[in-house]
Amino acid sequence: MYDYFQGRLVFKAPTHVILDVGGIGYHIHISLTTFSQIKDQESCKLYVSFQVREDAHTLYGFATEAERQLFNHLISVSGIGPNTGRMMLSSITPEEIQSAIINGQVQVIQKIKGIGPKSAQRVILELQDKLKKQGADALIPMPITKQSVPEEALTALVMLGFGKPQAEKVLNGLVAADPNQTVEELIKAALKRL
């Protein structure tokens, strides 16, 4: 529902912040990892996970998308709720958690308060394959690469349902004829030819 909130930090504590976004103060629970990254900032951007229970609607905020993604993986495990997930991310770094899960280190996960041997084994069993597929560097933020105009137009045409080879061929012809077209102009011209 929400991806991130960006605003002024009105209140900061190791467990939660109040973030003023457009005149509305959001109470957002955070991990110690996130607190250590934002404690000296006046304003920040927090990636959020919105958790709904019948008695509460709660926001959990994270300094990085990778930490939020790991949190969502952790709470997908049976018996691990949002508070336990936050406790795990506060006890050791997200990188250490990911490494322990991938390498099957039950004792590292078990050291976290509130995680017993069975829960530690369940976390590893349910998340090991998912995290291995993502790769060991999944928690390292990837630089956002800017797509070229023809690549952006191709992505849009494929999303509209056109075949990639066909769209690519038409776009190559259009770019060869006039390389200075905008994305919108390329898409409109390509739609006429497809």
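Guide: The largest nonpolar core here has 23 residues, and L74, M88, I97, I101 and I109 have the most contacts inside it. This is a predicted model, in which local features need pLDDT of at least 70 and side-chain atom pairs count only at pLDDT 80 or more, while totals for chains, interfaces and linings use all residues. Residues are numbered from 1 along each chain as its sequence is written, and side-chain values use heavy atoms, leaving out hydrogens and water.

Visitor: What makes a set of residues a nonpolar core?

Guide: The members are buried Ala, Val, Leu, Ile, Met, Phe, Trp, Tyr and Cys residues joined through side-chain atoms within 4.5 Å. At least two residues of this core come from each of β5, α2, α3, α4 and α6, and α6 gives the most, with five residues. Another core, of 13 residues, lies apart from it and includes V17 and L59.

Visitor: Why is helix α2 called mostly covered?

Guide: Buried means under 20% relative accessible area (1.4 Å probe, protein chains only). Eight of the eleven residues of α2 are buried, so the helix is mostly covered. Among them are F71, L74 and I75. Helices are DSSP runs of H or I with at least four residues, and strands are runs of E with at least two, numbered from the N terminus.

Visitor: What makes the pair Q51 and S49 a polar contact?

Guide: A polar contact is a pair of N or O atoms within 3.5 Å, one able to donate a hydrogen and the other to accept it within protein; residues adjacent in sequence count only if both atoms are side-chain atoms. The side chains of Q51 and S49 are 2.7 Å apart at this contact, so the pair qualifies.

Notes
Buried means under 20% relative accessible area, exposed over 50%, partly exposed in between (1.4 Å probe, protein chains only).
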